[in-house]
Amino acid sequence: MDAAELPARGAERARVPGPVTGAEPRPGGGVVRFARSELEVVVAAGGPVFWGWDGAGPTPSYALAGDRPEPDPRAVLEPDKDGGWQVVSERLTVAVSRHGAVEVRTPGGVVLRRELPPRWWEPAAGGPARWVQPSEVPADARFFGLGGRACGPRLRDGTYRLWNTDPRGGFEPGDDPLYITMPVEVVVADAGTHLMFYDNSWDGRVTLREGEEGAGSGPDRPGTSELRMEGGPLRCWVVAGTPARVLRGWAALTGAPALPPSWALGHHHARWGFGSEREVRRTAAGYRERGLPLSAVHLDIDHYDEHQVFTVDRERFPDLPGLAGELRAQGVRLVSIVDPAVKAEPGRPLYDSGVAAGAFVRDARGREVRGVVWPGECVYPDFTDPGVRGWWGRLYEERLAQGFSGIWHDMNEPVSFAPFGDMTLPRSARHAMDGAGGDHREAHNVYGLAMARAGYEGLCRLRPRERPFLFSRSGWAGMQRYGGTWSGDVTTGWPGLRASLSLVLGLGLCGVPYSGPDVGGFNGSPSPELYLRWFQLGAYLPLFRTHAAIWAGRREPWEFGPQVLEHARAALAERERLLPYFVTLSHLARRTGAPYVRPVWWDAPEDRALRDCEDAFLLGDALLVAPVLESGTDQRAVRLPRGRWYDTVTGEAHQGPGQVLLDAPLSRVPVLARAGAVLPVRGEDGGLELDVWAPAPGRTGGGLVVRDAGDGWEQPEIERFTTRVGPAGVSVEREGCAEVGLPVRVRGLQSS
């Protein structure tokens, strides 16, 4: 059916831009015309640069936040050498050759990226053109990004598909693609860092090849990136600068990350297979009786009536609001899974309501598109229709009435167990595309993003005084506006543990700062050692959640023996102590786009050794975390950025850049603090304190603190602290205040 309802491509005409014929200046840049195409180049206020071929403009776009960005009036189009044109701005120069190559240069003339002339293949009978865009980057460059990739965070030579996909059952580093793919490349080289975003949601493939630097007097071989798309516009954005500036510019384009409520920064326990209120109470009591902190319990599809969304199995959960209230009195929130598929059965209220609203995806003949998901035969809301998003958002009132405090979107690639070629909707399925009209080839990758928007906006309307908590398995560029994500069904095993870190780092560089894995893996029974090492990693990631499949082993810390329980207790205690720091990082992510979890090259992208380091990360500016990712490890090598770093357990000082060997006993993973750092932490009495790590001799340090202002929309102030070493020891000053106003604990002084 699918192939029959898509127009046959038939004969195709190949096309390249051809020679340049002229140019027309416009605000922020201009249009360069070629014999068979035209290219618009615009520098936006703030520095990001857009270009689009064949009349493709920045909007409409599912990725961008708000309207078309304002052009920078200082950027002008002018003739370039060799018959081409260039647009010169404060931060970048975009040079267009006379045959359609586009170079992105620094103000000093260093080339960050060269886009070779694109090629199109247009059906003779009309329809969308396939296209390919080859690019070159410096020989020393490293590639990151492309959404959630298990094989990263550094992306090796290979081809990566841009098609959100449920890998079914579990995945590890060799599996690709996964749930969130984005045409977002982050490229780090000696020449600088840049982010390249191709604003096109169609199916595509990116082929990456790292370059080689010439030996002796030999020439360099540049790195290459070739993007092939099955249709849609050829338009892109580039943001360049330091990594911090790049992510700030990206957030300005695509939207500030949603701010999770403070409780969502604690520990979450989820399970597919709780089965009953009694089991939920038993699990929560297990944490409470052992003195283990717990912020949330997540209910999977087994709490629904026959797996149908927005229902409750009244036999197993006879008083869900009562359960939610009981847990909330203990400081534990309930989070509900929500799937998009609706059981296609007349007489069911949700189905009938959707039919009345014209909510479901249809085929070219106007018939409902049906697939098979957990409830059986199902239909799918068209979230690219504003009216459908409004209808769906109102449905969350039922979840709130049941006492849920947060929402977990699943199966929203979207998935059908009875596949149409692959495990999703037929490509001929029709979508509103917010008035533009289109089919599933264009809508597939933005389906989860549009569902997240529907849920987030609905929750904002229903509870306007509370920040929503929502995270989604699938999404696309800009999904951070509505919440975060998690790993999906990462396989239980040491490769799955390594993939967990790759996903969080890669998604953060694509603008999604709040994410985390299924601690312990989704589909198996981890050994006590593997579970503990995964738990220790999770304690330093934004979303700290244990989870498992109904057939997999349990995930409560006490199920793995007394030794694991005590070490997990220590990890939980440290997470609780660092909660004020996580609150600060969440607010800074919203204001600056900087991820909580950052690659170790974040502050020093020019350090080539750091660019290749994939087994450690920075948590904010202050901490370096080196998780244990291999079995039987009690020591591990840690690559340090420049500066002084303190072991947070021993207080020993280490000098970077360089590599050190640190103890990694089963009880903990190595964590180092940057000299001079100021960390807000929770004191023994529950109040806010400052951990201050002594600056290196002759240096100063500092840090930012954003206090928890509750779960509403209040914008708390950013407090700035400075540290220095004087004759009397380490002093701490708060900007604009005579007094620090908080208890201070100085650490590392004996090593200074």
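Predicted model: local features only at pLDDT ≥ 70, side-chain atom pairs only at ≥ 80, totals over all residues.
Which residues form one aromatic cluster? The members are F310, Y351, F360, F383, W391, W392, Y396 and Y447. A search of the whole structure finds 32 aromatic pairs.

Take F383 and Y447, both members of that cluster. Their ring centres lie 5.2 Å apart and their planes meet at 65°. Planes over 60 degrees apart count as edge-to-face, so this pair is edge-to-face. F383 sits in the loop between β25 (376–379) and α6 (386–401), while Y447 belongs to helix α8 (residues 447–462). The two are 64 residues apart in sequence, so the pair ties together separate parts of the chain. Both F383 and Y447 are buried.

A second pair is made of two tryptophans, W408 and W486. Here the centres are 5.9 Å apart and the planes stand at 90°, so this pair is edge-to-face too. W408 lies in strand β26 (residues 406–409). W486 lies in the loop between β29 (470–472) and α9 (494–509). The pair links distant parts of the chain, 78 residues apart. W408 and W486 are both buried.

The charged end of R545 sits over the ring of W408, 4.4 Å from its centre. Another arginine is placed over a tryptophan elsewhere: R15 lies over the face of W120, at 4.2 Å from the ring centre.

The largest pocket holds about 800 Å³ of space. Its lining counts 36 residues, and D603, D621, A622, R674 and G702 are the closest to its centre. Which elements give two or more residues to this lining? They are α2 (243–254), α12 (579–592), β35 (635–647), β40 (700–706) and β41 (718–726). By type, the lining of the largest pocket divides into 16 nonpolar, 10 polar and 10 charged residues.

The second largest pocket holds about 520 Å³. It is lined by 25 residues. Nearest its centre are P60, S61, Y62, R235 and D434. Which element gives the largest share of this lining? Helix α8 does, with 3 residues. Y447, from the F383 pair, is in that helix as well. The lining of the second largest pocket divides into 13 nonpolar, 5 polar and 7 charged residues.

Methods
Residues numbered from 1 in each chain as written. Heavy atoms only, no water. Phe/Tyr/Trp six-rings, centres within 6.5 Å; stacked < 30°, edge-to-face > 60°. Helix = DSSP H or I, 4+ residues; strand = E, 2+ residues; numbered from the N terminus. Buried < 20%, exposed > 50% of the residue type's maximum accessible area, 1.4 Å probe, protein only. Lys NZ or Arg CZ within 6 Å of the ring centre and 35° of its normal. 1 Å grid on protein atoms, 1.4 Å probe; cavity = no way out; pocket = protein on both sides within 12 Å on 5 of 7 lines; lining within 4 Å. Points joined across faces, edges and corners; volume = space filled by probe spheres on them. Nonpolar A, V, L, I, M, F, W, Y, C, P; charged D, E, K, R; others polar.
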